[in-house]
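Subject: Structure for your files

Hello,

Here is the structure I said I would hand over. My notes on it follow below the entry.

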Amino acid sequence: MPLIALLALVVALAIADPGFLTQRSLTAVARTAAPLIVLAAAATLIVLCGGIDLSIAAVASLSTVLLALWLPHLGGLATPAVILAAASIGAVQGVAHVLLRIPSFIVTLGGMSILSAIALVVSGAGTVRVVDDSTVKWLELYVGGYVPMSFVMALVVVALIALMLKLTPLRSWISATGYSESAARLAGTPVDLVKIGAFVVSGAGAGFAAIMLVSRQFSGGPTMADNLLLPAVAAIVVGGTAITGGHGSVWRSLAGALVVTLLRVGLPIVGVPSAYEQILYGVVIVIAVTLTLDWSKVSIIK
Amino acid sequence: MSVPASTPALEVRGLVKHYPGVKALDGVDLVVRQHEVLGLVGENGAGKSTLLKALVGLVVPDAGEIRVRGEAVKLRSVVDAADHGIGMVFQEQSLVPNLTAAENILLGGEGPGVRRGVYRWDAMRRLAQEQLDKIGSNIDPLVRTDALSFADRQMVEIAKVLRIEQRSQHPPVIVLDEPTSVLESKEIETLFAQIRRLREFASVVFVSHRLDEVLEVCDRVAVLRNGQSVGEVAAAGAVPRELHRMMIGSTGSDDHYHENAAAVVESGQPRLAVRGLSGTSFQDVNLDVAAGEIVAIVGVHGSGREDVCRALFGAEPVTAGEIWMDGKKIDISGTRAACAAGIGYVPAERKTEGMVGPMSVAENMTLAKQRARCAGPFVAPGKQATVVDRWIDRLSIRTPGRDTPIQRLSGGNQQKVVLARWLVGGDIRLLLLDHPTRGLDIGARSEVYRLMRELAASGVATVLLADSLEEAIGMADRILVMNDGRVVSEVGCPAGGKPSPLDLVKEMV
């Protein structure tokens with residue numbers, strides 16, 4: 001389904017603008033899509049568990065600031081340090097979700113607000129310029145001269161998560177948790193650990209997306225990634241991962257992220273002002289959720 | 001339009017309802033006369049609940065017809081049923097606890113009780129009082145529902161149901177589903193007085209597991225078995241044993257429970273020893289189960305036996321007590337710890353708690369014991385195939401394949417997969433079976449019983465919460481009776497020396 005939508009979009013855009021299918025614009029699409037792919041793929045695990053992470057964009061924004069601040073001091077170590085920090089933020093949210101028994105929606109909504117404020121404070125409410133970007137510049141290289149390195153890395157991240165799910169019992173545990181948490185618990189599944197793990201991966205993904213953003217913009221900013229939240233959630237649901245949990249995959253989120261990016265790039269091509277972009281995300285999310293919702297699990301809509 | 005007195009208030013003809021893998025109703029006939037209290041009895045899984053749901057429009061039957069006062073009707077919702085004068089007092093009370101009795105009684109039909117969107121309390125009180133007067137109850141309509149006793153809340157429910165009189169211009173048909181299961185004996189007397197009063201202006205369908213009560217309060221009793229009507233008796237002069245034989249039928253005879261395969265229980269150190277276990281709904285429970293022994297815990301709804309069972313699996317908080325396995329004290333702080341200790345649990349709610357419907361047979365079977373299909377940290381597809389296929393074969397699970405989603409299997413085969421989940425690890429020492437045969441047909445039940453016998457013979461200790469007293473007596477080597485959170489007695493139950501159900505019932509209530 002998401003693949004068909006993806007193909008249809010490419011064809012439609014190629015018809016609307018014959019110049020679209022050139023190497024230059026495809027490269028641009030791939031580059032734009034990279035951080036979104038990483039964000040969406042990592043957060044997919046939480047959705048598969050039956051939750052949602054609304055804090056990914058805020059974590060990513062904060063991470064861009066941290067990276068910009070740490071690069072002069074830590075040099076090459078700044079990148080892993082930022083990913084570690086973002087993963088820890090995810091872990092804290094996951095533990096809060098599990099131990100305090102608060103819905104993930106609320107934990108990450110609160111987290112989003114708190115982290116945005118921290119990013120503002122730490123950055124002094126302004127853009128932090130990166131003077132020496134030598135340690136993150138490699139993401140701006142092109143593999144074979146055409147394929148952006150950041151896009152390749154995004155695919156690597158998706159493949160790593162997918163492999164981890166495919167080769168280990170994690171896939172069973174996550175699905176069982178998402179489809180029916182009580183059944184999973186009564187089968188002795190480590191439900192709590194699985195959920196915290198999903199939050200850690202989601203946080204780490206946000207940190208990695210931040211590194212891609214910094215490498216592109218030569219700076220970190222307290223709101224730099226904030227406009228990626230809606231596209232990321234849209235990417236997950238457009239991919240066909242059910243918001244009710246259980247059903248879905250990270251590959252679907254990859255396809256979803258490409259669809260969302262193409263829509264975004266395509267709007268100006270067909271003559272729609274980019275101010276309408278948010279309307280598009282809203283509509284896309286509602287339609288996609290309607291199509292993928294597991295109605296058997298939802299008897300009362302809140 | 002007047003209806004002749006001889007026309008039945010409610011008539012059911014050839015009602016059929018299929019669920020995947022189960023024929024819940026298989027051509028049920030039922031007649032409820034005007035101003036009559038009709039008892040409806042049957043074992044669990046006989047089709048009572050489905051029939052009741054069909055009567056109040058919660059289930060749409062596949063075939064057959066329902067006639068109200070001689071007129072065929074299609075009931076598609078509770079409102080539909082109410083329009084035809086059929087109402088039900090649900091087993092799980094359906095009142096909103098933080099509203100007053102008056103608000104609950106009039107909920108959704110306040111009429112003059114609300115003007116311009118605001119409660120008129122004097123009108124509310126008057127309207128609610130009218131309903132309560134019908135059953136002669138002296139409950140204050142303005143008291144909050146959660147301040148009322150369980151029995152009073154039931155009166156409120158009945159008063160609420162009686163509102164359907166206003167919707168249809170005929171005497172209503174009131175369905176009472178297990179109304180006595182949590183009542184004290186004095187409260188039961190009050191309820192029975194109400195039922196006799198109801199008969200003056202309504203027809204009543206009374207469902208209960210307690211056969212003596214059914215015979216006491218009803219005029220006639222209809223018996224269901226395996227989704228079919230197997231007969232009816234006039235209550236006057238009938239005895240519980242007679243009803244009971246009709247409920248069980250011929251299948252209860254011979255060796256339905258495979259008694260000749262019962263394991264030889266060795267004395268000595270018990271496999272499971274529970275000392276002074278207390279939780280929110282049970283106190284000071286002591287329990288010993290030997291290897292190879294099947295111990296059934298019986299008790300009415302609210303006896304706390306389900307919670308004890310869950311507590312032994314770490315799924316219910318425990319405030320005091322000790323659990324020993326094979327002479328070693330174990331700490332069961334959660335379900336993982338219990339699994340690691342070699343304890344397995346088959347939940348009563350198979351569809352929501354036992355299995356993960358959309359996941360495959362293989363994944364469901366290996367969910368608890370991942371090591372059975374893994375090599376190191378990785379899933380080994382070859383190993384998984386071998387292990388899962390072996391158990392599919394050994395338990396004769398009928399499935400198109402190991403990768404088929406478990407929800408496509410019949411109930412009995414689903415349950416076998418859930419049971420196999422605890423066997424694939426090869427380390428099972430204690431099985432906790434919470435209504436393992438609920439909703440299964442006779443054939444599937446028999447297979448589950450045989451499997452239980454085989455496991456016991458291989459040395460697995462079993463705690464069984466049976467679906468019916470007969471099942472408990474048939475399967476168990478020993479029976480513990482729980483009442484109000486405590487173990488009140490212990491009855492030996494060896495093959496050839498089984499206690500009678502009535503003896504147990506005496507201890508249960």
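Between the two chains, 24 residues of chain B are in contact with 19 residues of chain A, where contact means that the C-beta atoms, placed from the backbone, lie within 7 Å. Helix 10 (335–340), helix 11 (350–354) and strand 20 (378–379) of chain B are the elements that give two or more residues to the side of chain B that touches chain A. Helix 10 of chain B has the largest share of that side, with four residues. Helices (H or I, at least four residues) and strands (E, at least two) are DSSP runs, numbered from the N terminus. By residue type, the side of chain B that touches chain A divides into 15 nonpolar, five polar and four charged. In that division Ala, Val, Leu, Ile, Met, Phe, Trp, Tyr, Cys and Pro count as nonpolar, Asp, Glu, Lys and Arg as charged, and the others, Gly among them, as polar.

This is a predicted model, in which local features need pLDDT of at least 70 and side-chain atom pairs count only at pLDDT 80 or more, while totals for chains, interfaces and linings use all residues. Residues are numbered from 1 along each chain as its sequence is written, and chains are lettered from A and ligands numbered from 1 in the order in which they are written.

Domains of chain B

The domain assignment, which is automatic or from a database, gives chain B domain 1 (1–85 + 170–251), domain 2 (93–166), domain 3 (254–342 + 429–509) and domain 4 (357–426). The C-alpha centres of domain 3 and domain 4 of chain B are 25 Å apart. Between these two, 10 residues of domain 3 of chain B are in contact with seven residues of domain 4 of chain B. Helix 15 (residues 442–457) of chain B gives the most to the domain 3 side, with four residues. That side of domain 3 of chain B divides into seven nonpolar, one polar and two charged residues.

B:Ala444 is in helix 15 of chain B. B:Ala444 counts as buried because it has 20 C-beta neighbours inside 10 Å; the cut-offs are 20 or more other C-beta atoms within 10 Å for buried, 12 or fewer for exposed, and partly exposed in between. Leaving aside neighbours within four places in sequence, B:Ala444 is in contact with B:Gly411 and B:Gly412.

Nonpolar cores

A nonpolar core here is a set of buried Ala, Val, Leu, Ile, Met, Phe, Trp, Tyr and Cys residues joined through C-beta atoms within 7 Å. The largest has 189 residues, and those with the most contacts inside it include A:Leu39, A:Ala232, B:Ala296 and B:Leu464. Domain 3 and domain 4 of chain B both give residues to this core, so it lies between them. Apart from this core lies another, of 68 residues, among them B:Ala9, B:Ala81, B:Ala159 and B:Leu176. In chain A, the residues that A:Leu39 touches, not counting those up to four places away in sequence, include A:Ile56, A:Ala60 and A:Leu228.

Strands

Strand 21 (residues 430–434) of chain B is mostly covered, with five of its five residues buried. B:Leu430, B:Leu432 and B:Asp434 point one way from strand 21 of chain B, and B:Leu431 and B:Leu433 point the other way. Strands pair if DSSP finds at least two bridges between them. Strand 21 of chain B pairs in the parallel sense with strand 18 (residues 343–346) of chain B over four bridges, and B:Gly344 stands opposite B:Leu431. Five bridges join strand 21 of chain B to strand 22 (residues 461–465) of chain B, also parallel, with B:Leu432 opposite B:Val463.

An open sheet of four strands in chain B has the order 14-13-16-17 and antiparallel pairing. Its edge strands are strand 14 (285–289) and strand 17 (328–330) of chain B, each pairing on one side only.

Two arginines

Which residues other than glycine have a positive phi near 50°? B:Arg116 is one of them, and B:Arg69 also has a positive phi, of about 50°. B:Arg69 lies in the loop between strand 4 (63–68) and strand 5 (71–73) of chain B and is buried, with 20 other C-beta atoms within 10 Å. B:Arg116 is in the loop between strand 7 (114–115) and strand 8 (118–119) of chain B and is exposed, with 5 other C-beta atoms within 10 Å.

Regards
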